[in-house]
Amino acid sequence: MQLLESGLIIQASIGGLQGGDMAFAIISFLALLWLLRKYAWGPLMNKMEERENHIANEIDTAEKNRAEAEKASHEANEQLKATRQEAQQIIEDAKKAGQDQEKAIIEAANQAAARLKKSAEEDIAREKEKAIEALQAQVATLSVQIATKVIEKEINAEDQEQLISDYIKEVGEER
């Protein structure tokens, strides 16, 4: 058995497990774990937590910016729509004002033409009256002249015809 025992010891000493080595390895591992937890785990977790918070903040900021951009886009579209409606209203008002002004100009021109026509008709009527008065004066003068000539001489039918013919010639020449 010794041989057997010595074989076991030999085998244990060559590559076997020693209780002291195992205890040292476990203690070293636990010490390393404790050191890692104390000096590395806390800061590492803090850094990861900071990174998580930073990413969450960035996502929140991006969502807020997207919402603000959508709101601004919607407001810009509404303002553009209102501006287009206002421009259309201005155009329609300008067209209506142009049409009203056109009507007013035409009406003023018609009134001016009517005034000119009335004035011309009045001028024509006055000139006609003057011409009639002038003709009446000439007729009266000629009548007096004929009567004077008739009285001055006694006329027969032939002389009367001649006198009327001369009178008609005189009236025709004066016109």
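Colleague: How many helices and strands does the protein have?
Modeller: Three helices and zero strands. Along the sequence the pattern reads α-α-α. Helices are DSSP runs of H or I with at least four residues, strands are runs of E with at least two, and both are numbered from the N terminus.

Colleague: What kind of model is this?
Modeller: This is a predicted model, where local features need pLDDT of at least 70, side-chain atom pairs count only at pLDDT 80 or more, and totals for chains, interfaces and linings use all residues. Residues are numbered from 1 along each chain as its sequence is written, and side-chain values use heavy atoms, with hydrogens and water left out.

Colleague: What is the mean pLDDT?
Modeller: The mean for the protein is 84. Of its residues, 86% reach 70 or more. pLDDT is the predictor's confidence in each residue, from 0 to 100.

Colleague: Which element has the lowest mean pLDDT, and which the highest?
Modeller: Helix H1, residues 2–15, has the lowest, at 48. H2 has the highest, at 90.

Colleague: Where does pLDDT stay under 50?
Modeller: Over residues 6–12. The model has five contacts beyond four places in sequence for that stretch. A contact means heavy atoms within 4.5 Å.

Colleague: New topic. Which residues does the "transmembrane region" annotation cover?
Modeller: Residues 22–41, according to an unreviewed UniProt entry. UniProt positions follow the numbering used here, feature names are shortened, and annotations may be inferred rather than shown by experiment.

Colleague: How much of residues 22–41 is helix?
Modeller: The chain there is 100% helix and 0% strand. The end C-alpha atoms lie 25 Å apart.

Colleague: Which residues form a nonpolar patch on the surface?
Modeller: Ile-26, Phe-29, Leu-30 and Leu-33. Together they have about 400 Å² of accessible area. Ile-26 sits in helix H2, which runs over residues 19–152. Patch residues have over 30% relative accessible area and no salt bridge; like charges are joined within 9 Å, and nonpolar side chains (Val, Leu, Ile, Met, Phe, Trp, Tyr) within 5 Å.

Colleague: And the whole protein, how much accessible surface?
Modeller: About 15800 Å². Carbon and sulfur atoms account for 59% of that. The areas come from the Shrake-Rupley method with a 1.4 Å probe, and for residues only the protein chains shown count as cover.

Colleague: Which residues are linked in a network?
Modeller: Glu-63, Arg-66 and Glu-70. Arg-66 meets Glu-63 at 3.8 Å, N to O. Arg-66 also bridges to Glu-70, with the closest N and O atoms 2.8 Å apart.

Colleague: How are Arg-66 and Glu-63 placed in helix H2?
Modeller: They are three residues apart, so about one helical turn separates them. Arg-66 and Glu-70 are four residues apart in H2, also about one helical turn.

Colleague: What relative accessible area does Arg-66 have?
Modeller: Arg-66 has 43%, so it is partly exposed. Glu-63 is partly exposed at 45%, and Glu-70 is partly exposed at 48%.

Colleague: Which residue does Arg-126 meet in a salt bridge?
Modeller: Asp-123, at 2.1 Å, N to O. Arg-126 is partly exposed, at 45%. Asp-123 is partly exposed too, at 34%.

Conventions. Salt bridge = Lys/Arg side-chain N within 4 Å of Asp/Glu carboxyl O. Buried < 20%, exposed > 50% of the residue type's maximum accessible area, 1.4 Å probe, protein only.
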